[in-house]
Amino acid sequence: MAELLLLANPTAIRVRSDGTSLDVNFDSIAELRSWLHLAGLDGPDVLFGKEHQGADSDGRPYRAVNAYPTWHGWKIYAHATEYTDRGAHLDASTTDRLAALAVA
């Protein structure tokens, strides 16, 4: 299992309560697809969820995709989310505080 995870740069890994499956999250769809390819998990039997778009609770727009490969009996629930606004979600008070920290 370690060699599979070392091929990735996930933002989170969690063993699910059933003890036979993992949640693996990535910062970008490209990182998820690269990991699947490097791990040899990108074959025709891998179920991909449809790429979808939406907005989080703060209104930030995103694209997301899920993949569901199986590796040596482990079910893997891989997920990637990319925010598409490139930081536009920062309000004026947040940018003012960041600017003050940069000067300090």
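**Fold**

I read the elements of the protein chain from the N terminus on, and they run α-β-β-α-β-β-β-β-β-α. That makes three helices and seven strands. Helices (H or I, at least four residues) and strands (E, at least two) are DSSP runs here, numbered from the N terminus.

Two notes on provenance, for the record. This is a predicted model, in which local features need pLDDT of at least 70 and side-chain atom pairs count only at pLDDT 80 or more, while totals for chains, interfaces and linings use all residues. Residues are numbered from 1 along each chain as its sequence is written, and side-chain values use heavy atoms, with hydrogens and water left out.

**Surface and contacts**

I looked up burial next: 28% of the 104 residues of the protein chain count as buried. Buried means under 20% relative accessible area, exposed over 50%, and partly exposed in between (1.4 Å probe, protein chains only).

The accessible surface of the protein chain comes to about 6800 Å², and 54% of this belongs to carbon and sulfur atoms. Those areas come from the Shrake-Rupley method with a 1.4 Å probe; for residues, only the protein chains shown count as cover.

I then took the contacts (heavy atoms within 4.5 Å). Of those between residues at least 6 apart in sequence, 43% join residues at least 24 apart.

**Core**

Which residues touch the most other members of the largest nonpolar core? In this core of 18 residues, they are Leu4, Phe26, Leu32, Trp35, Leu41, Ile76 and Ala78. A nonpolar core is a set of buried Ala, Val, Leu, Ile, Met, Phe, Trp, Tyr and Cys residues joined through side-chain atoms within 4.5 Å.

Strand E2 (21-26), helix H2 (29-38), E5 and E7 each supply at least two residues of this core. H2 gives the most, with four residues. As background, nonpolar side chains tend to be buried together in soluble globular proteins.

Leaving aside neighbours within four places in sequence, Ile76 is in contact with Leu4, Leu22, Val24, Trp35, Leu41, Ala67, Tyr68, Pro69 and Trp71.

**Rings**

I searched for aromatic pairs and got three. Rings of Phe, Tyr and Trp (its six-membered ring) pair if their centres lie within 6.5 Å; planes under 30 degrees apart count as stacked, over 60 as edge-to-face and the rest as tilted.

One of them joins Phe26 and Trp35, a tilted pair at 5.3 Å centre to centre with 35° between the planes. Phe26 is buried at 3% relative accessibility, and Trp35 is buried too, at 1%.

Another pair is Tyr68 and Tyr77: the centres are 5.7 Å apart and the planes at 75°, so this one is edge-to-face. Tyr68 is partly exposed at 31% relative accessible area, as is Tyr77 at 29%.

I also checked for charges over rings (NZ of Lys or CZ of Arg within 6 Å of the ring centre and within 35 degrees of the ring normal). Arg16 lies over the face of Tyr77, 4.0 Å from the ring centre. Arg33 lies over the face of Phe48, at 5.0 Å from the ring centre.

**Charges**

How many salt bridges does a search of the whole structure find? It finds five, a salt bridge being a side-chain nitrogen of Lys or Arg within 4 Å of a carboxyl oxygen of Asp or Glu.

Arg16 turned up again here: its salt bridge with Asp23 has the closest N and O atoms 3.4 Å apart. Arg16 is partly exposed at 28%, whereas Asp23 is buried at 14%. Arg14, Arg16 and Asp23 are linked in a network of salt bridges.

Arg63 and Glu51 meet in another salt bridge, 2.7 Å from N to O. Arg63 sits in strand E5 (residues 61-68) and Glu51 in the loop between strand E3 (47-48) and strand E4 (52-55), 12 residues apart.

For Asp85 and Arg60, I noted 3.5 Å between the closest N and O atoms of their salt bridge. Asp85 is in the loop between strand E7 (74-83) and helix H3 (92-103), and Arg60 is in the loop between E4 and E5, 25 residues apart. Asp85 counts as buried at 17% relative accessibility, and Arg60 likewise at 16%.

**Backbone**

My last entry is His72, in the loop between strand E6 (70-71) and E7. Its phi is near 50°, a positive value in a residue other than glycine. His72 is exposed, with a relative accessible area of 69%.
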